[in-house]
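Dear colleague,

I am passing on the structure that we spoke about, together with some notes on what was found in it. Please read the notes with the model open beside them.

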Amino acid sequence: MFGLGIPELILILVIALVIFGPKKLPKISKALGKSIKEFRNSTSDITETAKTIKDVSDVAKKLK
């Protein structure tokens, strides 16, 4: 994952814990997880739409 190892991830977690505090960190993590999930769903929808458009254009070319 982006060339980060376990020590780097632990350091990032500790810094985030110091900056945001233990009460806000779960809320921030949950919001980040939801954002990543929504982004993945959007990109998969765009990919499927592009494949469908390509398939339709291939069929249209064969019909000409």
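The side chains of Lys 54 and Asp 58 come together in a salt bridge, with 3.6 Å from N to O, where a salt bridge is a side-chain nitrogen of Lys or Arg within 4 Å of a carboxyl oxygen of Asp or Glu. A search of the whole structure finds 1 salt bridge. Both residues belong to helix α2 (residues 25–63), where they are 4 residues apart, about one turn of the helix; helices (H or I, at least four residues) and strands (E, at least two) are taken as DSSP runs and numbered from the N terminus. Lys 54 is exposed, at a relative accessible area of 52%, whereas Asp 58 is partly exposed, at 30%; here buried means under 20% relative accessible area, exposed over 50%, and partly exposed in between, with a 1.4 Å probe and protein chains only.

Before going further, please keep in mind that this is a predicted model, in which local features need pLDDT of at least 70 and side-chain atom pairs count only at pLDDT 80 or more, while totals for chains, interfaces and linings use all residues. Residues are numbered from 1 along each chain as its sequence is written, and side-chain values use heavy atoms, with hydrogens and water left out.

As to the overall form, the secondary structure of the protein chain comes to 2 helices and 0 strands. The radius of gyration of the chain is 21 Å, well over the 11 Å that the globule rule gives for 64 residues, so the chain is more spread out than a compact globule; the radius is taken over C-alpha atoms, and the rule is 2.2 Å times the number of residues to the power 0.38. Along its principal axes the C-alpha trace spans about 65 × 25 × 10 Å, and of the 64 residues 5% count as buried. The chain exposes about 6,100 Å², of which carbon and sulfur atoms supply 69%, with accessible areas from the Shrake-Rupley method with a 1.4 Å probe and, for residues, only the protein chains shown counting as cover.

Turning to helix α1, its 15 residues should span 21 Å at 1.5 Å a residue, and its end C-alpha atoms are 21 Å apart, which agrees; the expected span is 1.5 Å times one less than the number of residues. Ala 16 is found in this helix and counts as buried, at 18% relative accessibility. Leaving aside residues up to four places away in sequence, Ala 16 touches Gly 21 and Leu 25, contact being heavy atoms within 4.5 Å.

On the surface, Leu 4, Ile 6, Leu 9, Ile 10, Ile 12, Val 14 and Val 18 form a nonpolar patch, with about 630 Å² of accessible area together. Patches are made of residues with over 30% relative accessible area and no salt bridge, like charges being joined within 9 Å and nonpolar side chains (Val, Leu, Ile, Met, Phe, Trp, Tyr) within 5 Å. Leu 4 lies in the segment before α1 (6–20) and is partly exposed, at 35%.

Finally, Lys 30 lies in helix α2, and its C-alpha atom is 45 Å from that of Ala 60, 30 residues apart in sequence.
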